[in-house]
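Q: I have a sequence and a model open side by side. Could you show me how to read them?

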Amino acid sequence: EKRGSGQRRKVLSSTRIPSNWRSFLRVDENKKELFSLLSQQVVSLPLEDGKEIYCTSGERVLTSATRSEMSLLEPCSHEEADTRIMVHVLDACSSGHKRIMIRSNDTDVVVLAISVVESLPAKEIWITYRTGKNLKYLAVHEMAKKLVHKKSRALPMFHSLTGCDTVSFFGGRGKKTAWDTWNVYQDLTDVLCTLMSMPTDVDETCMAVIERFVVLLYDRTSNLLDVNQARKELFSKKSRSIESISPSKAALLQHTKRAVFQGALVWGNHF
């Protein structure tokens, strides 16, 4: 609504390209028809031998391949492309491919790949990360081996809890600090796995462990269990600003619910 209104246009292959793209893209029906047209055109492109294209069109999946069985790919009900990629990886593995490479510059994709690689019938999963001189080839299967099964499974919840695109970070605490804290407080792993499997129930037992994790995140030497007490102590004894101390218990609960929605319900929707 804030973007304003635009003009509705019928999108066909013969339609002239609109001169005002911003106005055109303000109308949802224009975008839906455009995406549908592009999907149909892309899968009809001439390809080299051994190449296949897959495109989503609504809940349907279009492909340039001559195949009739699409049960692993349809219907497409994913909220994000990150989880959708994992479904295509599973489909490729089921088609006999044992070495898979994903191209993505998104940390979320790396996290999801590590969490599911042990359940995939593939020998190697690779991700090409970044571009140009900073290009890296990440061996996801090797990363997963370095972690115990529970920890790799809990990784999406840890990533969302400690900050991602849709969930805020803890003030003044980055991923490395959070990772180091997780390594010394292993009780968090079981709670993260529980939240992944039962996302609609964030009970007091889970919150008690998360509170302790946040206390340690801000003060590794603290013996406190209550995040409100830790917040008071940090503010009064160490003269920290209000922005650099731990969140309140009420705020942490809402933060956790948001993280569970992203980590368990959105990212948990792969296969």
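Predicted model: local features only at pLDDT ≥ 70, side-chain atom pairs only at ≥ 80, totals over all residues.

Q: In which sense do β3 and β4 pair, and over how many bridges?
A: β3 pairs with β4 (residues 124-129) in the parallel sense, over five bridges. Within this pairing, Ile-125 of β4 is the bridge partner of Ile-100. Between the two strands the chain passes through helix α4 (residues 107-116), and this β-α-β crossover is right-handed.

Q: Which residues touch the most other members of the largest nonpolar core?
A: They are Ile-125, Leu-188 and Phe-213, in a core of 62 residues. The element that gives the most to this core is helix α9 (residues 204-218), with 10 residues.

Q: What does Leu-188 touch, leaving out residues up to four places away in sequence?
A: The list is Phe-158, Trp-182, Val-209, Ile-210 and Phe-213.

Q: How should I read the buried residues of a helix?
A: Start with the spacing: an α-helix has 3.6 residues a turn, so residues three or four places apart point the same way. In α8 (residues 187-197), the buried residues are Leu-188, Thr-189, Val-191, Leu-192, Cys-193, Leu-195 and Met-196.

Q: What covers the buried residues of α8?
A: The cover includes α6 (149-161), α7 (175-184), α9 and α11 (249-266).

Q: How do I find empty space in a model?
A: Rolling a probe the size of a water molecule over the atoms shows where empty space is left. Here the largest pocket has a volume of about 680 Å³. It is lined by 19 residues, and the closest to its centre are Glu-52, Tyr-54, His-88, Ala-92 and His-97. Both α3 (81-94) and β3 supply at least two residues each to that lining.

Q: How many cavities of 30 Å³ or more does the structure hold?
A: It holds one. The largest cavity contains about 40 Å³ of space. Its lining is made up of Val-215, Tyr-218, Asp-219, Ser-222, Leu-224, Ala-230, Glu-233 and Leu-234.

Technical notes
Residues numbered from 1 in each chain as written. Heavy atoms only, no water. Core = buried A, V, L, I, M, F, W, Y, C linked by side-chain atoms within 4.5 Å. Buried < 20%, exposed > 50% of the residue type's maximum accessible area, 1.4 Å probe, protein only. Helix = DSSP H or I, 4+ residues; strand = E, 2+ residues; numbered from the N terminus. Contact = heavy atoms within 4.5 Å. Pairing = 2+ DSSP bridges. Right-handed = clockwise from strand over helix to strand, strands pointing away. 1 Å grid on protein atoms, 1.4 Å probe; cavity = no way out; pocket = protein on both sides within 12 Å on 5 of 7 lines; lining within 4 Å. Points joined across faces, edges and corners; volume = space filled by probe spheres on them.
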